[in-house]
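Subject: Structure handover

Hello,

Here is the structure I said I would pass on. My notes follow below it.

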2 protein chains.
Amino acid sequence: MLAPDDKLKFSPKPYLAATARFAAGTDSPREFLERCLADLAALEPKIGAFVHLGLDAARTAADQSSERWRAGKPISAIDGMPVGIKDIIETIDMPTEQGSPLFAGCRTERDAASVAALREAGAVIVGKTVTTEFAATEPRGTRNPHDLSRTPGGSSSGSAAAVASGMLSAALGTQVIGSTIRPASYCGCIGFKVSLGALNRGGSYDGLSQSCTGVLAATLDDAWQVAYEIAVRAGGDPGYPGLYGPARAPAPKPPQRVAFLETAGWSAAAKAAKQAMDDALAILKAAGIEIATRRSNNKVAAVESAIADARPLSMRLNCWESRWPLNSYRNRDAAKLSRVMLDRLAEAEAMSIDDYRKDLAQRDEVRRLYAGLAAECDVCIGLSAPAAAPSGLGSTGDPGCTVHASLIGMPAISLPVLQDEGLPLGLQITGFLNRDADAFAAAASIRALF
Amino acid sequence: MLAPDDKLKFSPKPYLAATARFAAGTDSPREFLERCLADLAALEPKIGAFVHLGLDAARTAADQSSERWRAGKPISAIDGMPVGIKDIIETIDMPTEQGSPLFAGCRTERDAASVAALREAGAVIVGKTVTTEFAATEPRGTRNPHDLSRTPGGSSSGSAAAVASGMLSAALGTQVIGSTIRPASYCGCIGFKVSLGALNRGGSYDGLSQSCTGVLAATLDDAWQVAYEIAVRAGGDPGYPGLYGPARAPAPKPPQRVAFLETAGWSAAAKAAKQAMDDALAILKAAGIEIATRRSNNKVAAVESAIADARPLSMRLNCWESRWPLNSYRNRDAAKLSRVMLDRLAEAEAMSIDDYRKDLAQRDEVRRLYAGLAAECDVCIGLSAPAAAPSGLGSTGDPGCTVHASLIGMPAISLPVLQDEGLPLGLQITGFLNRDADAFAAAASIRALF
């Protein structure tokens with residue numbers, strides 16, 4: 001346990017709520033940014049959320065935004081918002097290192113689609129946030145702001161830690177297993193993993209078929225707005241319709257019925273986490289929301305069975321899909337790859353395309369089954385992680401509660417409303433493909449119950 | 001017209017057929033390569049097919065392959081094959097310039113998935129071949145080996161010209177509108193555009209939703225083998241099952257019935273090209289193959305109607321999907337983008353995500369309709385281009401005969417069996433999604449009739 005004087009003090013930085021004062025002239029994006037940077041100066045040396053900072057450019061962008069707000073002509077609702085970019089996503093003015101010494105200092109001379117869209121919307125890019133190696137397993141030292149001896153989760157480690165500790169209003173992450181929802185749960189901020197393909201991954205080094213852009217944010221409103229502003233400017237992945245939904249965060253709408261998904265993470269869940277989940281379900285029931293479970297509903301039970309091995313199935317799919325580029329990286333300099341990456345490559349090289357096709361077919365079947373749940377409930381609910389952030393920085397924690405959402409490709413939202421060991425624990429709302437807005441409306445309604 | 005003494009002399013370099021002599025010791029990959037390089041030295045100054053050559057590395061790789069064949073242990077059927085790589089596809093040892101001065105000398109320090117697979121199969125990478133700017137419209141000076149005053153087609157200009165003129169056995173291209181089949185038609189080699197997603201595009205700067213890897217090759221056998229060896233090592237695009245089919249080129253199998261697709265290109269077709277197509281259909285009929293046309297078959301007529309505006313629809317889809325990265329490139333240095341790219345970006349910025357969704361829905365409908373043709377015929381047939389390569393180097397020619405295959409995502413093969421103006425003209429065989437092997441078997445059978 002940390003001594004009390006090791007407890008960091010920080011305050012989240014919701015942005016949309018602050019913009020009314022920009023219009024009124026009593027605050028400005030530049031002043032907002034300076035508050036973030038003051039906290040950043042104090043906290044970053046202890047947390048280690050950033051790989052690279054671009055403070056001069058950020059201040060210049062914030063000044064330009066301040067002028068626009070003063071003139072009553074902001075480009076978008078997130079004009080001036082201080083954001084961070086996970087360091088697997090390209091930025092024209094900062095290196096993109098992918099958490100790997102192979103790419104130390106690597107400059108790709110362009111912005112990723114999401115980053116170009118954020119800049120176009122007036123957002124202020126503060127820096128590149130720490131990612132595990134290639135957004136996979138190997139952590140890179142970021143600490144949890146709530147307890148510096150614990151992991152912030154990963155792979156979007158820096159994005160979650162920076163947002164939760166109020167250094168930024170929002171940050172981009174990605175998720176292929178649990179890399180947005182899990183760190184949001186551990187750090188105590190909003191996590192939003194969009195529907196499969198709903199935000200353009202162009203220029204992001206997360207090409208795996210389950211991978212999706214995620215948003216870490218201080219509030220649901222901020223999270224939605226960031227995703228929306230990207231979608232209308234950069235669309236979804238090529239060939240996908242992109243994020244559907246309104247120009248401002250969907251209004252809260254209470255679900256009539258939710259399905260409680262235990263997921264594979266439940267059996268590993270801490271006693272206090274299970275109790276917190278039970279208490280949450282009681283709160284929903286008291287609000288008149290019906291709960292379907294594996295015990296009360298056959299279709300929920302069938303989905304629970306189908307997602308029981310979501311993690312090994314996802315790992316096999318990721319493994320084959322990672323054969324390249326890992327083979328090219330190993331051929332370049334194997335000494336700069338972690339043991340876990342080299343092992344994954346060896347596993348990939350032992351697989352065949354036929355193995356992969358079988359796994360794809362199994363994933364299709366799980367997706368089909370899950371889509372059927374839409375007739376049974378408005379959204380699903382569950383823990384975002386089996387427990388609070390584990391101690392130590394050697395692992396980013398257990399993805400048992402999140403991997404099914406990546407496998408299925410549905411939208412997932414983590415609400416920072418539960419606790420375990422006195423630390424944050426997320427309540428996860430998952431929806432249905434391309435119905436991100438419905439999931440958001442339900443999440444906003446549930447958020448208000450806590 | 002060129003004077004006769006301007007006619008280049010060249011001989012294609014089929015590879016698989018030569019390998020029997022490697023095993024026997026009467027030839028070797030190194031000697032094979034030297035024959036290619038001798039022609040390259042004579043022809044390349046006139047044709048301009050390459051942006052970059054890696055001859056030392058190629059000779060080293062060919063020597064290593066020679067040793068493997070001598071030892072009776074080639075890695076694959078294409079071990080030692082001299083290949084070229086379209087310059088939008090990453091190579092670890094050569095720059096990837098994308099036909100753009102923005103990327104002059106740009107080194108990405110890795111191999112693309114297809115290139116890594118080719119190396120792993122023992123293929124010899126000779127160089128990077130000329131592409132139009134960003135594999136789109138603006139030509140970069142390559143000349144047609146059959147008539148230096150004419151375009152080789154594009155965007156895979158260098159790949160087609162180098163293969164047709166015998167500088168290489170095969171080369172990688174890509175196609176999103178007509179960039180593999182059209183240059184194959186103009187240059188007189190095999191072109192093979194695979195089913196949507198059938199070959200992994202990782203590390204290739206052709207992220208558009210219709211874009212596919214293509215193979216230009218001296219023979220059908222060589223084309224199939226290149227695609228097959230990539231597929232088993234790199235798979236398809238993440239989430240796709242990858243190229244299906246046997247470990248050696250599918251044996252010729254005569255189709256019972258083919259559908260003649262006029263496509264939008266027919267109305268623009270040269271008289272001699274139409275006559276060549278009519279003659280080809282007569283040859284098929286004489287071989288006992290039934291021909292369905294828009295006049296004899298309602299489903300063919302419905303498909304013809306649906307693909308009539310395949311080009312504007314494809315251009316709109318490409319346009320929205322090109323908003324990024326063109327916006328990032330323009331912001332970096334607009335002076336290094338062609339007028340046509342700047343215009344495309346302006347058009348993209350005038351589109352909305354809703355426009356794109358409507359176009360996607362229309363494409364889905366065309367795909368659904370085309371899939372129904374599988375009940376009516378084994379493959380479809382048509383011209384690969386409306387005419388021989390046009391004069392001049394300012395345009396890569398009319399894609400009216402090819403764009404429907406890209407829109408639909410079906411496999412397409414161009415056979416160099418027709419002529420117009422005494423120059424090559426391709427006969428195009430198109431199949432059905434993920435049935436590339438069936439299309440190949442039919443194409444091999446049809447090839448033998450000419």
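Which side chain meets that of A:Arg150 in a salt bridge? The partner is A:Glu421, at 3.0 Å from N to O. This pair links distant parts of the chain, 271 residues apart. A:Arg150 sits in the loop between strand E3 (124–129) and helix H5 (157–164) of chain A, while A:Glu421 sits in the loop between strand E10 (412–420) and strand E11 (423–430) of chain A. Over all chains, a search of the whole structure gives 58 salt bridges. Please keep in mind throughout that this is a predicted model.

The sheet in chain A

Chain A has an open sheet of 11 strands with mixed pairing, in the order E1-E3-E2-E4-E6-E5-E10-E11-E9-E7-E8. Its edge strands are E1 (50–53) and E8 (290–292) of chain A, each of which pairs on one side only. From one strand to the next, the twist averages 30°. E1(A) is antiparallel to E3(A), and three bridges pair them; in E3(A), A:Lys128 is the bridge partner of A:His52. Helix H14 (residues 436–447) of chain A packs on this sheet. H14 touches strand E5 (190–193), strand E9 (379–383), E10 and E11 of chain A, and its direction makes about 20° with that of E10(A).

A helix pair in chain A

Helix H2 (residues 29–47) and helix H3 (residues 55–70) of chain A have axes that come within 7 Å and cross at roughly 145°. On the H2(A) side the contact involves A:Pro29, A:Arg30, A:Leu33, A:Glu34 and A:Leu37. The H3(A) residues they meet include A:Leu55, A:Ala58, A:Arg59 and A:Trp69. By class, the residues of this contact are seven nonpolar, two polar and four charged.

The sheet in chain B

In chain B, 11 strands form an open sheet, again with mixed pairing, in the order E1-E3-E2-E4-E6-E5-E10-E11-E9-E7-E8. Strand E1 (50–53) and strand E8 (290–292) of chain B each have a single partner strand, so one side of each is left without a neighbour in the sheet. Neighbouring strands are turned by 30° against each other on average, direction ignored. E1(B) runs antiparallel to strand E3 (residues 124–129) of chain B, joined by three bridges. Within that pairing, B:His52 has B:Lys128 in E3(B) as its bridge partner. Helix H3 (residues 55–70) of chain B packs on the sheet, where it touches E1 and E3 of chain B. The direction of H3(B) makes about 155° with that of E3(B).

The interface

Between chain A and chain B, 41 residues of chain A are in contact with 41 residues of chain B. The buried area is about 3000 Å², with carbon and sulfur atoms giving 55% of it. In chain A, the residues that lose the most area to chain B are A:Arg110, A:Trp324 and A:Arg357, together 23% of what that side buries.

Two salt bridges are counted between the chains. One is a contact between the side chains of B:Glu120 and A:Arg323, at 2.8 Å from N to O.

On the side of chain A that touches chain B, helices H4 (113–120), H7 (220–234), H10 (310–333) and H12 (353–372) each supply at least two residues. H10(A) gives the largest share, nine residues. That side of chain A divides into 21 nonpolar, nine polar and 11 charged residues.

Regards

Notes:
Residues numbered from 1 in each chain as written. Chains lettered and ligands numbered in written order. Predicted model: local features only at pLDDT ≥ 70, side-chain atom pairs only at ≥ 80, totals over all residues. Heavy atoms only, no water. Pairing = 2+ DSSP bridges. Helix = DSSP H or I, 4+ residues; strand = E, 2+ residues; numbered from the N terminus. Axes fitted to C-alpha atoms, helices over the stretch in contact; angles between N-to-C directions. Contact = heavy atoms within 4.5 Å. Buried area = accessible area lost by both parts, 1.4 Å probe. Salt bridge = Lys/Arg side-chain N within 4 Å of Asp/Glu carboxyl O. Nonpolar A, V, L, I, M, F, W, Y, C, P; charged D, E, K, R; others polar.
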